[in-house]
Amino acid sequence: MNGPLSDPGVRSVALVRLRVGLGDLLCSLPALRRLRAFRPDLWICLVTWPETAPVVERMGDAVDELLPFPGADGIPERPPDPAGWTSFVSAARARRFDLALQVYGDRPAANTVSAALGARLTGGFAPTGWTPPPGSERLHLRYPVHLHEAQRHLRLIEHLGLPPAEAPMTFPVTVDDEAEHAAALARHGLVPGGYAVLHPGASSPTRRWPVERFAAVGDALAADGLRVVVTGVPGERAVAAALVAAMRAPAVDLTGATGLGGLAALLRDGAVLVGNDTGSAHLAAAVGARSVTVFLPGDPVRWAHRGPRHRAVVADVPCAPCPHLECPIDFRCAASVRPDQVLGAARELIGAAR
């Protein structure tokens, strides 16, 4: 196929993926692995936030380098650092990339960042309503709003020269991860298949299903004979503690107590994950775990995983999906998702496994 990614003259590519979420990067990984398999000679630089380095490191040889991004106007994930912009652009241009690709999404500001890198060719996603510069039309793909996030990136690299092929989501669990996981199970008396994981946190308030509803699901699963484990990152300790306190049944709180690989193994060996539309749902999909994901303002077309091991319970309100990080009205999407719906989906998955 014709395209810059199949051109041996293109030896280096900068991928502008200005996302901070675990799920965002995991959804990029199938395309990155496809690209590496097709072009083992290609130098792949991921332009993103420096705090994502532990996740990027887990991508192995799919990425050669992380170029830390300082922020820019129009990119909402972090406030821009104007003082760091000049040095960032200088560092990017010194690398003399053959190709810079906007793989951020439906936001023209990311195309501005891509153009600033000074690559010989610039392309990637063309946001809705944005027109590519003359002569670069073939290097851009109109942002495919109808596809899942992982499929969007695969579609882009196919547009740019790779042959179509299946590329499932995966995540490597190392020997050290397995040892951490085994120690955690032994410490808390947990057995594979005998516990359910609840993940009540999310980066934005509007994606957090209320704690008391999680507690109702947790108590019901405990009554079914499962141990209940609560997980989250260190910054989610308060919401996790609130969930544990709201439950009548005892729960094991592992919030902030596992590494990324340890969490992956914990999800893999659990009976089911019940969580919000956040990174844990994508990590569960990558390791083959069963999961129920609650979608409030999030877009299930973009983020829900398909297949017999996954269920999405979606808010039934006309204003969802929406882009708000904090609800400007009455958070009616959260009230529209009932515990019995989520519990029914979890029991369906557990029953199928048994």
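In which sense do strand β1 and β2 pair, and over how many bridges? The first legend below gives the reply. The model shown is predicted.

**View 1. Strands β1 and β2 run side by side in a pair.** Strand β1 covers residues 12-16. Strand β2 covers residues 43-48. The two pair in the parallel sense, over five bridges. Strand β2 is mostly covered. Of its six residues, five are buried.

**View 2. Six strands form an open sheet.** Read across the sheet, the order is β9-β8-β7-β10-β11-β12. The pairing is parallel. Strands β9 (252-253) and β12 (310-314) are the edges. Each of these edge strands pairs on one side only.

**View 3. Strand β7 meets strand β10 within the sheet order.** Strand β7 spans residues 195-199, and strand β10 spans residues 272-276. Their pairing is in the parallel sense and has four bridges. Look for H199: G275 of β10 stands opposite.

**View 4. Helix α13 packs on the sheet.** This helix is made of residues 339-353. Compare directions next.

**View 5. V314 sits in edge strand β12.** Is V314 buried, exposed or partly exposed? V314 is partly exposed, because its relative accessible area is 37%, and that class lies between the cut-offs of 20% for buried and 50% for exposed. Now find the contacts of V314. Setting aside neighbours within four places in sequence, V314 is in contact with F295, P300 and V337. Take P300 as one of these. In sequence, V314 and P300 are 14 residues apart. In space, their C-alpha atoms are 7.5 Å apart.

**View 6. The second largest pocket has a volume of about 300 Å³.** This pocket is lined by 14 residues. Which of them are closest to its centre? They are A150, Q151, P168, M169 and H305. Helix α5 (residues 149-159) gives the largest share of the lining, with three residues. Sorted by class, the lining has eight nonpolar residues, four polar and two charged.

Technical notes: Residues numbered from 1 in each chain as written. Predicted model: local features only at pLDDT ≥ 70, side-chain atom pairs only at ≥ 80, totals over all residues. Heavy atoms only, no water. Pairing = 2+ DSSP bridges. Contact = heavy atoms within 4.5 Å. Axes fitted to C-alpha atoms, helices over the stretch in contact; angles between N-to-C directions. 1 Å grid on protein atoms, 1.4 Å probe; cavity = no way out; pocket = protein on both sides within 12 Å on 5 of 7 lines; lining within 4 Å. Points joined across faces, edges and corners; volume = space filled by probe spheres on them. Nonpolar A, V, L, I, M, F, W, Y, C, P; charged D, E, K, R; others polar. Buried < 20%, exposed > 50% of the residue type's maximum accessible area, 1.4 Å probe, protein only.
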